[in-house]
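Hi,

Here is the structure I promised to pass on. Please look it over first; my notes follow below.

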Amino acid sequence: MINIVILGSTGSIGLQALQVIDQHSDRFQVVGLAARDEINLLAVQAEQYKPKAIAVGDNDAYPALKKLISDKIELLSGLEGLSAIAAWPEADIVLVAVSGAIGIMPTMAAIKAQKRIALANKETLVTAGNFVMKEIKKNSITLIPVDSEHSAIFQCLQGENDNLHKIWLTASGGPFRDFSEQQLENVSIEMALCHPNSSMGPKITIDSATLMNKGLEVIEAHHLFGVGYTDIGVLVHRQSIVHSMVELVDGAFLAHLGAADMRIPIQYAFTYPQRIPSAAQQLDFTKLAALEFQAPDVKRFPALELAYAAGRTGGTMPAVLNAANEIAVQYFLGGKIGFNIIPRLVEQVMNRHDTISEPGLEEILSVDKWARIMTEDIINRGGIS
Ligand code: MG
């Protein structure tokens with residue numbers, strides 16, 4: 001039996017991971033679950049999976065959850081609770097599927113505890129990529145990306161690591177890929193939360209619509225695969241059939257194709273290097289009319305270029321990009337700012353930051369905090385230009 005901890009068990013990735021575990025209950029069992037504050041669903045999951053421990057990120061949610069779950073389950077809370085679950089002694093694999101930079105500390109805890117990590121939280125590598133990857137190498141940790149693009153690249157690179165020339169990340173383009181600049185100004189929250197090819201949490205859905213998601217993935221790919229930014233390209237591919245590609249030194253391309261079903265990369269992260277049958281739908285090539293690829297329009301979707309710029313600057317700048325974006329998305333979802341303000345805010349906060357070139361974790365976390373405060377400050381002063 002392989003013991004699995006899921007951080008973010010009530011989110012989209014967490015729920016699909018539980019489906020994978022259900023389908024292969026002869027192989028996998030849940031030893032730990034964690035979520036931010038969705039206590040009712042956590043209680044249902046506790047009843048069904050009977051984990052050894054549960055952590056709720058929001059300390060205030062602890063008393064109410066305590067009443068809902070069995071005394072046999074250890075209940076933890078806060079960032080410390082998430083980190084304790086991530087380092088749980090019986091855990092073999094830790095799936096980090098929480099959303100946002102909150103994923104950094106639990107990921108570090110899993111690294112120190114020598115766990116295999118299935119990483120579905122992109123903010124960890126975007127914010128603290130150099131630092132985290134150094135720790136991964138130092139501790140000889142197996143880190144398997146769960147994000148469909150990085151899982152695709154990871155799979156294409158099996159046995160080809162030394163032959164990599166360029167990475168091609170594909171992007172659906174989001175729900176507004178065909179919108180004019182003027183139409184983008186009038187995008188509502190409801191419109192933005194409707195993604196054409198998948199159903200994901202609200203943060204990543206908005207990031208997909210701005211193309212910031214792809215920008216974060218570019219930075220993540222840089223860290224995961226050790227590739228420079230000029231050798232990471234992005235293609236808009238509206239069918240979402242090609243999940244990403246690698247271009248090798250001899251001019252050959254390897255692409256990963258399949259149904260757009262996150263259970264495939266989640267399961268692969270659990271079984272790597274093995275493969276077992278999955279519940280995902282089979283792809284019928286005779287029903288595909290065409291596979292199209294386009295260059296992204298960086299004028300209409302400036303977030304992608306901001307991410308490249310932050311990545312190239314390096315140091316603490318990607319942490320600023322990420323933190324400003326998290327706050328901007330939060331304010332957009334709260335109806336406080338317009339959709340097209342999101343990248344403008346991020347750019348303004350980046351412009352105010354003096355990059356620290358080789359930051360430690362403390363510095364990264366304090367810059368992250370600074371960027372959040374600065375973003376809110378600009379919004380509250382009405383200073384968006
Ligand atoms: Mg992705």
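A polar contact here is a pair of N or O atoms within 3.5 Å; within protein, one must be able to donate a hydrogen and the other to accept it, and residues adjacent in sequence count only if both atoms are side-chain atoms. By that rule, the side chain of Ser-148 makes a polar contact with the side chain of Glu-149, at 3.2 Å.

Some ground rules. This is a predicted model: local features need pLDDT of at least 70, side-chain atom pairs count only at pLDDT 80 or more, and totals for chains, interfaces and linings use all residues. Residues are numbered from 1 along each chain as its sequence is written, and side-chain values use heavy atoms, with hydrogens and water left out.

**Metal site**

The magnesium ion has Asp-147 (OD), Glu-149 (OE) and Glu-217 (OE) as protein donors, 2.1 to 2.3 Å away. Donors are N, O and S atoms within 2.8 Å of the metal (3.2 Å for Na, K and Ca); water is not among the atoms, so sites may look incomplete. The sequence spacing is D-x1-E-x67-E. Glu-149 sits in helix H7 (residues 148-156) and Glu-217 in helix H11 (residues 212-225), 68 residues apart. Helices (H or I, at least four residues) and strands (E, at least two) are DSSP runs, numbered from the N terminus. Both Glu-149 and Glu-217 are buried. Buried means under 20% relative accessible area, exposed over 50%, partly exposed in between (1.4 Å probe, protein chains only).

Ser-148 also lies in H7. Not counting residues up to four places away in sequence, Ser-148 touches His-243, Met-262 and Pro-265 (contact: heavy atoms within 4.5 Å).

**Sheet**

Four strands form an open, mixed sheet, ordered S9-S8-S10-S11. Strands pair if DSSP finds at least two bridges between them. S9 (232-236) and S11 (253-257) are the edge strands, each pairing on one side only. S8 (residues 164-171) and S9 pair in the parallel sense over 5 bridges. Leu-169 stands opposite Val-234 in S9.

Most residues other than glycine have a negative phi, and most peptide bonds are trans. Which peptide bond is cis? The one from Tyr-272 to Pro-273, with omega near 5°. Pro-273 lies in the loop between H12 (263-271) and H13 (303-313).

Gln-114 has a positive phi of about 65°. Gln-114 counts as partly exposed because its relative accessibility is 48%. Ser-140 has a positive phi of about 50°. Ser-140 counts as exposed, at 62%.

Best wishes
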